[in-house]
Amino acid sequence: MNKTAFITGATSGFGEASAKALARDGYNIIILGRRKDRLEKLANELKPTKTHIIKADVRDKDAILSAVEALPEEFKRIEILVNNAGLALGQEKVLDASLDDFETMIDTNIKGLLYVTKAVLPIMSAQKSGYIFNIGSIAGNWPYPGGNVYGATKAFVKQFSFNLRNDIKGTNIRVTNIEPGIAKTEFSLVRFKGDEAKSEAVYDGTKYLVADDIARIISDCAKMPAHVNINSLEVMATTQTWAGFAFER
Ligand code: NDP
Ligand code: 8X3
């Protein structure tokens with residue numbers, strides 16, 4: 001069998017939870033991220049599931065293409081790709097925000113996702129089956145102050161997901177853009193560059209989504225009959241709603 005699921009950004013949050021869920025569903029697992037110690041710990045936890053580690057930065061095009069090229073035989077039949085690696089950096093307004101942060105988000109959330117997709121697509125196309133989950137965000141659907149470039153990268157992910165479907169017509173490959181609202185992972189700690197108080201304040205006093213919620217959605221979508229394609233799936237905590245429009249007075 002050796003049906004394989006490939007999860008990027010598996011060292012934390014949604015990616016780690018998805019790797020565990022898909023291992024429980026019987027897939028061999030490829031986990032990718034930059035933190036090797038966490039990848040090794042996860043591979044250990046996933047035993048007896050067959051797990052292959054790729055320690056790489058999704059921004060490194062050559063590393064991504066060659067790692068997929070060099071996959072061991074039992075991990076070559078990639079049926080699921082979870083394009084999850086990504087981040088927000090800062091929440092300052094454009095005027096005050098850092099260009100370096102903008103570039104890191106664009107390089108990771110857009111270009112990194114493209115590199116992994118381009119590396120894996122020939123495999124799915126040749127086997128005429130596969131399921132690509134792109135992790136977008138509500139930030140790609142709805143603007144909020146300080147969401148500027150992060151939201152724009154996730155809007156790219158959404159539109160790319162839809163356009164990809166047109167280009168792979170006839171291959172049986174499914175594509176779903178998952179668009180979560182606020183969820184407690186390391187996301188805010190990364191966004192606020194290690195400031196724990198600022199990160200905790202995001203989640204303080206409310207009931208947020210957790211990584212397992214997203215992993216469960218991925219696992220459940222993958223179990224839908226092969227003729228069903230969910231184009232996009234926006235999911236928020238029940239406690240999260242919209243704030244309305246602002247007026248300048
Ligand atoms: P975490 O910070 O907990 O996890 C992010 C993962 O991405 C880590 O495993 C990290 O691994 C990996 N990653 C980041 N940059 C790179 C890179 N350059 N190369 C390889 N891996 C990378 O956050 P989440 O689990 O919350 O985030 C996962 C995805 O979900 C992101 O795309 C995020 O934008 C999106 N999202 C998050 C929401 C939230 O509220 N939490 C809501 C909506 C969407 P490592 O550092 O080891 O490389
Ligand atoms: C993460 C959700 O609303 O913090 O993508 O941007 S939000």
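What volume does the second largest cavity have? I looked it up: about 30 Å³. I kept in mind that this is a predicted model.

**Entry: second largest cavity.** I listed its lining: Thr8, Val58, Asn83, Ala85, Thr108, Gly112, Leu113 and Val116. By class I found four nonpolar residues, four polar and no charged. Helix α4 gives the largest share of this lining, four residues.

**Entry: largest cavity.** I searched the whole structure and got two cavities of 30 Å³ or more. The largest holds about 50 Å³ of space. Its lining includes Leu89, Phe102, Met105, Tyr150 and Arg191. Two elements, α4 (99-127) and α5, each give two or more residues to this lining. The largest share, three residues, is from α4. I noted five nonpolar, four polar and three charged residues in the lining of the largest cavity.

**Entry: ligand 1.** Which residues come nearest to ligand 1? Of the 31 around it, they are Thr11, Ser12, Arg34, Tyr150 and Thr185. I then checked polar atoms. A side-chain N or O atom of Thr11 is 2.7 Å from an oxygen atom of ligand 1. For Ala183, a polar backbone atom is 2.9 Å from a ligand oxygen. For Glu186, a backbone N or O atom lies 3.0 Å from an oxygen of ligand 1. The protein covers 97% of the 870 Å² of accessible area that ligand 1 has on its own.

**Entry: the shell.** I sorted the residues around ligand 1 into 13 nonpolar, 12 polar and six charged.

Key
Residues are numbered from 1 along each chain as its sequence is written. Chains are lettered from A and ligands numbered from 1 in the order in which they are written. This is a predicted model: local features need pLDDT of at least 70, side-chain atom pairs count only at pLDDT 80 or more; totals for chains, interfaces and linings use all residues. Side-chain values use heavy atoms; hydrogens and water are left out. A residue is near a molecule or strand if one of its heavy atoms lies within 4 Å of it. A polar contact is a pair of N or O atoms within 3.5 Å; within protein, one must be able to donate a hydrogen and the other to accept it, and residues adjacent in sequence count only if both atoms are side-chain atoms. Accessible areas come from the Shrake-Rupley method with a 1.4 Å probe; for residues, only the protein chains shown count as cover. Ala, Val, Leu, Ile, Met, Phe, Trp, Tyr, Cys and Pro count as nonpolar, Asp, Glu, Lys and Arg as charged, and the others, Gly among them, as polar. On a 1 Å grid over the protein atoms alone, a cavity is a set of points where a 1.4 Å probe fits but cannot get out, and a pocket is an open set with protein on both sides within 12 Å along at least five of seven lines; lining residues have an atom within 4 Å of a point. Grid points are joined across faces, edges and corners, and a volume is the space filled by probe spheres set on the points.
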